[in-house]
Every structure is written in C-alpha cells, then in structure tokens.
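Please look over the sequence and the model below before reading on.

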Amino acid sequence: MFNVLNIVLLLVFVLIFPGALFTSAVGLWLAGVDRKVLARMQHRIGPPIRQPLYDFLKLMGKETIIPHAANKTVYLGAPIVGFVSLAMIMLFIPVGGFVAVSGSADLVVILYLITIPGVALIVGGSSSGSPYAGIGISREMVTMMAYELPFVLVLLAVARKVGGANLVFSMESIAAWQAANGSLLFHWSMIPAAIAMLLVIPAEVGTQPFDVAEAETEICEGPLVEYSGAPLGLFKLNTAMKMFVMTGLFTALFMGGLRTGIVVLDVVIFVVICTVLTILSMTTIHAVTARLKIEHLFKFYWTFVAGMALLSLVLVWFGL
Amino acid sequence: MIQHFPVMAVMLLFLGAFLVAIFGRISPVIRDGIAILIATISLVLIYALIKPVMIDGQIISYWMGNWEPVEGYAIGIGYEVDALGLFFALLVVTTFWLSGIYSLGYLKKDANKMHYYTLYLMLSASVLGLVLTGDLFNMFIMIEIMTFASVALTAFRNKQAIALEAAFKYLVLGSIGSSMTLAGVALMYRVCHTLNMAQISSIIGGEFNLTTIMAFGLIVAGLGVKSYIVPFHTPAADAYTAAPTSISMIFSGMVNKAGVYGIIRMVYVVFRAMDRSSIQILLVVFGAVTMFIGVTMALAQHDFKRLLAFHSISQIGYVITAIGLGTALGLNAGLFHAMNHTLFKGLLFLTAGAVLTATGTTNLDKLGGLSKRMPVTTVCFLVGAFSISGLPPFNGFASKWMVYQAIYTKAVESGNILFAIATITALIVSVMTLASFIKVTQAVFFGQENPENANAKEVPVIMQIPMVIMAVLCVLTGLFYNVVEKFLLAPAAGAALGVSNYIDKMMGAGYAKAAGITDIEAAPAAFSFWNPLVWLLLFVVVFLGVYIVMATSKSTRGRMLEGGEGYDPKYATFFSGEQEEFSQVGGSDLFWGFKTDWKGYYKVLQGLHSGIVTDYASYIVMGAAIIILVMFICLR
C-alpha cells in the first residue's frame, strides 16, 4: 500500500484526474452552462460560458480580509477542507468506465464525504462571527437535514436493488450490475428514486429555489457574507464542483454501465450527461421558481421527495 | 499472581475511599495524592490484564475467601474476568482516571473536596466491581453502591437548587430500577439455588419458564434504568446537568456503560436469549426509539451540559440497537460504539466543564466567540463534535458505519422491515447529531463574542491534559479501527458469544458440555471499508499545501464598525448571546426552521418531560411492564 508508485498514482488521482483539476474544470464548465442556459430561458444573452472561471481567477488575486471577530485558522481552513473532500469524492465515483479507487463500501464513504463541504461552509461561516452568517448556517444545516433523509433512502434503494439479498455498497458493482442488466433508470421501480435524487441535487448544491442558506436579498449570502478574496473564490469553486459531483453521482447510480470501451470517449459522454442533468435539475427549476422559506423547504423534502424515495425502496424491497 | 489483579483493583478503590475519608482532613495534598495514586494503581492493574485476557484468551476467576463450589453449587462470591468484562473494565478505569486528573483543576473553588474524592472512589470501585463480578447478587450490590454514590455526587454542589432536585429524582427513579433488579435476582435464586452467573446460565440453559421470564424482564428493565434507555432516561438529563462536570463524564462514560454491560451479560450470557428474534426486535425497537427521542430532545436544549446529556441517551440507543441484533457484527459494532461514546462524550463533557470554569455558565444563550480565548478547548471540542457526528476519519465514523452495516445486513437477511426502519433512523439521527453540534459550535466557540465573557481564559494545563488525551484517542481509534477490532472488540464479542468457556472456567472443565451448552458460532465480523490512514495523509498533505499558500499570502485584518466595542445588547449581539426580547430567534434556537415543522411533536415531548418525578416513575413502571409483557408473550 505504501510503495512510492502507489502514492504517486494516488496523488495524480487526487490532484489531476479525476480529482481536483478535472473536477474543478468540469464544475466551472457546468456552472457556466447553467448561467448561460438560464439567461437564454429568461430571454437574456447571458455571460460567456467561461465566466465562472474568470470570476474564480479574479477572486484568487484579490486581497483577503479576515474579519476582526474571526478565528483565522478555521476561517481560512474551512474552504480548503471542502475543496479537498470534494476532490476526493470524485475518486470514488466511476467516471465513465474509469474507477480510481474501489472499495466494498464506497457508497457510505461518499455519503459522509459529501456532508463535509456543507459542514466546512457552516463552520467557516460560523467562525466569521457575523450575525448574517449565523442565520445562514442555521438554514444551511436545516437544508442538510432536509435532503439527507431522501438521499439516504435513495442510496438504500439502489443498494437493495443491485445487491438483492447481499448488501452492495460498492460503486463498481453497481456499475457492473447496470452493464449487465441495463441502467437503473430504465427499471420502473427505480424511477421515483431517480426523481428524488434529481431533487436532492439542487438542494445539495444550493441553487434556487433551495438557496435559502445564501439568500442574497435577505441575508447577504449568509455564511459567505464576510468572505473575500481567495477563500471566497474557493467556496465559489466548491459550489461549482458540487454540481459535477452530484450530477456525476446521479449518472453513476442511475445511468452507469453505458460504456463504449474507450476511456476518453466514456469520460466525454459522462460529462455530457452531467451537463444535461445540470440543465434539467438545476437550471430549469431555477428559471421557473422563486426561493422557498426554510420551513417549506424542510417540509417539501421530508414529505414529497422522501416519499418518492421511500416508494422506490418499498417497491425494491418486495423484489420489483 | 495475575488472578488477584481484578479483585485488588476493586478492593483498593474501596479502601481508598475510606483512606480519603480518614486522612483527607490532614492536608489537600494527602487527600488528592491518595485518590490519584489509588486510581492510578487500579488503572495499571486492569491494563496489565490486557495481554493474558485479550490476547492470550484466558479467563480469570477468583473465589472470594477461597469459597469454591461445594457439591456442584457455587456458594461463594466469584469474580470472573473474561474479555467482555475486561473490555468494559478498560473503559471504566480510563474514564475515572482521566476524570480524577481533571478534577484536580476543576474543583478549585468547591468546598468539601474530601467528600467528593470519597464518593468518587466509591463510584469508581462499584462500577469496576460490577463489570468484573461473576455473581448476580454481588452485581446488585454494586448497582446499589453505584446508584447512591451517583446520587450523592449529583447533589455535590448542593447550594444550587437544581442539584438537589436532580439528586432527588435520581434517588427515586434509580431506586425503582434497583428494586426491580433485586426482585429479579431473588426470583433467579429461587429457581436456580445459586447466584453465580455462570452456573445460572448452565442451569437454565436458554430455556424459559414463567418464573425465569419474570426475572429476566425485571433484571433487564432494572439495568435499562441504569443505562437510561427511553422511557427510563428521565433522571439522566437533570443529573448530568447538575453534577460537577468531571462526574457527568463518569456518568456518561462508565455509569451508563455499566447498564449496557449488564444488559449484554444478561441477554447473551446468563439467559442466552439472543437467538430469539422477539428479543432482538424488542432491543432494536427500544434502541431506535431511544436514539431518535434523545437526539430530537437534544436539538431543543439551551444548556450545553443538558444537550450533551440527551446526546448520551441518543448514542446509547445506537449501542442497544447494535447489540440487539444478535449477530457477531452487531455485537462488535455495539461494543465499538460504546467505547467510542466513552471517549468522545467524555471529551465533550470535559470541554463543557472547561467552558463552565472559564465563563461560569453553560447557558448557550450567554456564550459565544470563545474560540480565540480558548484555542485548545475549541480544537478538542471540534474533535469530539466531529467524532460524535460520525465524520471521517474520527472514531464515530468507523463505529457508526459498523452499526449501519450490521443493522442493514440484518434487515436484508431477515427480511424484516423493522430493521430497515432502524437503519434509516440511525442514519438520520446521525445528521441531527451533527446539526445539534453545529449549534453548540456556533453558540459557544464561534459566533459573536459576549462582552460578559471578555476576560475568559484558557483552563489550566491540568485540565487540558485529559482533554487532549481523549481527543488523541478519538483520532487514533478512528484511524486504527482494525487494531481496536482485533485486540479489543473481537475477543470481547467472542466472549459474549462463547458462553461455555465462561461456564467451564468457573464451574470446572466439562461442566457446560454436561449441561448441554453449545456456543453460538462467532463468525469473524466481515467488516471493511477504506484505509483511513492513507486518506488522512493525503488530506493533510493537500490541505497543508493550500493552507500555507493562503495563510502566507497577503491578508488584512478587518476592522470593527465604530462603536463596535461598546456593548449595546440590542445591536451588539444577534445570534449567540442576544436577549430574547430583541429577537424572535434565540441564540441557541438555531434550528427554528426545523422546529416549526415539528411543532406538534415537540409539544408532545415537552408535555412528557414534565419534570415531575411521579410522571417519570410511572414511565419506568410502564416501560418495565412493556418489556415483561413482550417477554411473556414471546418467550413462553
């Protein structure tokens, strides 16, 4: 495990592909597409697709101001923790046919790693000492509680469907199962779970109407209110990366097994699917809705979305 | 030589209690010295047993006064230390030793420290005796000493009304629990004519008649009161809050673990009922309800220690659920989580004590922004909070993941939907736990500073040492979970499942076989996830790389708004430390968005937690009635 080649390989995985660099690039691409398509839907021209990249680069060059009341280590460390864990999640998700790391239980590891960027945002915002951030983190946390239940139910339904009597939490076996039996999306009992998962994506990423935590008009971007310069840029990048991680997770869970055999082509197809999913689950919903209140958001996720996921779980439980 | 160690560890602690009472008056140094010396010797004696018991697989037996069995009946009190007992003994000695060190700094301002150390040693001795003894009635005696030492320690700061109230509740409710245990023990004596647990186990042989069912129900309910599972949890919240924090740590670290140990010993070893699905479901349902009610109550709390108390209840729910599965993996998971709970909850209580020492309050509405003044405490708290929330790579992640895996495997194997619901409950409770600790983080360590606490200082080194030790243990047991599994969990779980060795050691080789006892096959727990060490290394490398670049690049300190130094209660603070009349959202009410959706549920819970001791007593009787009723229906 500890020989040099493995370490180097792991570092390449984490830093370049499919980790930090690749995830950031695709994430920024998805964020750009999201803004462009949203603009067209609202009958505007919109920014160029590389605008999020420009925004990010500009923020990296700006001065960083640490608030008087802030704890410097936590304040600066939080966005990095989120960034690193997002880069790591991608190692567990099969990108096309490419699996960087495979374990028996990577689904649970993903479930936990995916909460870390949220926690990082909360802890970072909290450490800035601003009352706006205080309200923001409370909403972020309630949002997390809201989507976690349907998310867990979806993952359990997938594990049960793929594993049958044996429990399967391995992304690789899920992909293999789908290659043999067709994508999970085309099994009718999994369709409610897929819809639930599509609705979990915008809440996890924090796009309208589920952006209560960062509501610009009410609480000045909540947890981010005091952030500036490089840490703010990293948080913006984290949001873009989350878009890719979540749509990528959906693709791997429900549309895995679509393989041509050529890795590069598979990766391109994977990114295309993620782009379509971004437009479907985030841009469209964003264009046609207004921001929810936090208590409505919570109720929506624990009734409708969780209900959909539960429906799938029950169907799968009875072997359908 | 080695067979004297367990009994010496217990006797020394009792002796120490008397020594402190007699010589403690002479000088504070002698008083503290005796207490710490005795606690340390006891710690060493128990740790010395790791090699023979855990690694070599011995079982140590000791007959008090050399009263060995006569004509096949155990008449004397026997101590019997197998891996299960030693596992809990290790938790017990670690907890009271660290608590003792912490007390040295923590009790600076209290009078009557002599009484404190006397009772502290009594409590430690009784819990250690409880987990090491092989005699049912001796176990009851230890429970009694434990209860009364706990009551007295709860009331230690008896100038405060809440301490007396909590102690009164604990006294009444704890006595009900003890009485139920006593009644159960008496019934067992009537049936088996012996009080030795090994012999009882072989006499009843896993079969039940009406008397033994009644006894089983009473003993399990009595131990349930000691481990504070819902609906027996009511005394815990007050007692944990009112007791000195070093004692709260002992309560959550070892007193309720003693109840858990008792339940494991009863259901797996003495009554051997865990192959029956009815008992499994009973325990899993009680466990799931406990974890859910515990965590939702914790979300509504406004006091640091009270919040931790409800989390203690909730985490014990995980343990009970896991051990209730009756599988080797479940037992491993339950023991691991029990151990981790001792570590991270002890750590969290210690940080609460540090906050109390520094600021004089644990009220979440009056705290805030302490991270700059108390950096060590803050880091320790964050380690504890991430551990209890189950974030990787801390120990809570490893044990909770084991618990989920155990429950869900059981659900799939048995096809019972109840286990699937328990899995989902466990996962959701974990998120709520995280939410609740985010609230504490915001209200105590981050957020805006309350000017009243402007002169708060970091606690003395003697109090930091136990915190840092526990924080390090939280990280190490999370990273090296496979070492823990191999040397502590697997032997302990094997001891609970392999009953015949336990019986043979006490009653003579071949005794179990003659009584027709067969062991449950302790299949090696198939448990693997990832290699956290590599990941942590990677995480640290990347994190440090980026952090150094960021921290060394140009950054400016922000300024406060003019007049920001002056304290106007209306504008100065908003989210932590603000006063109720200025805002509809309290500083510790971070999750009102969630709570408005759950209004009805909280109203019911609030009504149930009325604070009236007669109500609580009736819950205990009802809970016991449910347990006994279910057992009568299912075991006959």
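Predicted model: local features only at pLDDT ≥ 70, side-chain atom pairs only at ≥ 80, totals over all residues.

Residues are numbered from 1 along each chain as its sequence is written, and chains are lettered from A and ligands numbered from 1 in the order in which they are written.

The model scores ipTM 0.78 and pTM 0.87.

Chain B contains 25 helices and three strands, where helices (H or I, at least four residues) and strands (E, at least two) are DSSP runs numbered from the N terminus. Of its 636 residues, 60% count as buried, a residue being buried if 20 or more other C-beta atoms lie within 10 Å of its own, exposed if 12 or fewer, and partly exposed in between, with C-beta atoms placed from the backbone. Among the contacts in chain B between residues at least 6 apart in sequence, 80% join residues at least 24 apart.

One helix pair within the chain is H1 (residues 5-23) and H5 (residues 113-132) of chain B, whose axes come within 8 Å and cross at roughly 165°; axes are lines fitted to C-alpha atoms, for helices over the stretch in contact, and angles run from 0 to 180 degrees between N-to-C directions. That angle makes H1(B) roughly antiparallel to H5(B), given that angles under 35 degrees count as roughly parallel, over 145 as roughly antiparallel, 65 to 115 as roughly perpendicular and the rest as oblique. The residues that make the contact include Leu13(B) and Phe14(B) of H1(B) and Tyr117(B) and Leu121(B) of H5(B). By class, this contact has 15 nonpolar, four polar and no charged residues, where Ala, Val, Leu, Ile, Met, Phe, Trp, Tyr, Cys and Pro count as nonpolar, Asp, Glu, Lys and Arg as charged, and the others, Gly among them, as polar.

A further pair in chain B is H6 (residues 136-154) and H11 (residues 245-270), with axes that come within 12 Å and cross at roughly 160°, and these helices are therefore roughly antiparallel to each other. Here Met139(B), Met146(B), Ser150(B) and Leu153(B) in H6(B) meet Ile247(B), Phe251(B), Val255(B), Ala258(B) and Gly262(B) in H11(B), a contact of seven nonpolar, two polar and no charged residues.

Tyr240(B) is found in helix H10 (residues 234-242) of chain B and counts as buried because it has 31 C-beta neighbours inside 10 Å.

Between the chains, helix H6 (residues 131-163) of chain A packs with helix H17 (residues 417-445) of chain B at an angle of about 170°, their axes 9 Å apart, which makes H6(A) roughly antiparallel to H17(B). Among the residues that make this contact are Met141(A) and Glu148(A) of H6(A) and Ile428(B) and Gln442(B) of H17(B).

Conventions:
Contact = placed C-beta atoms within 7 Å.
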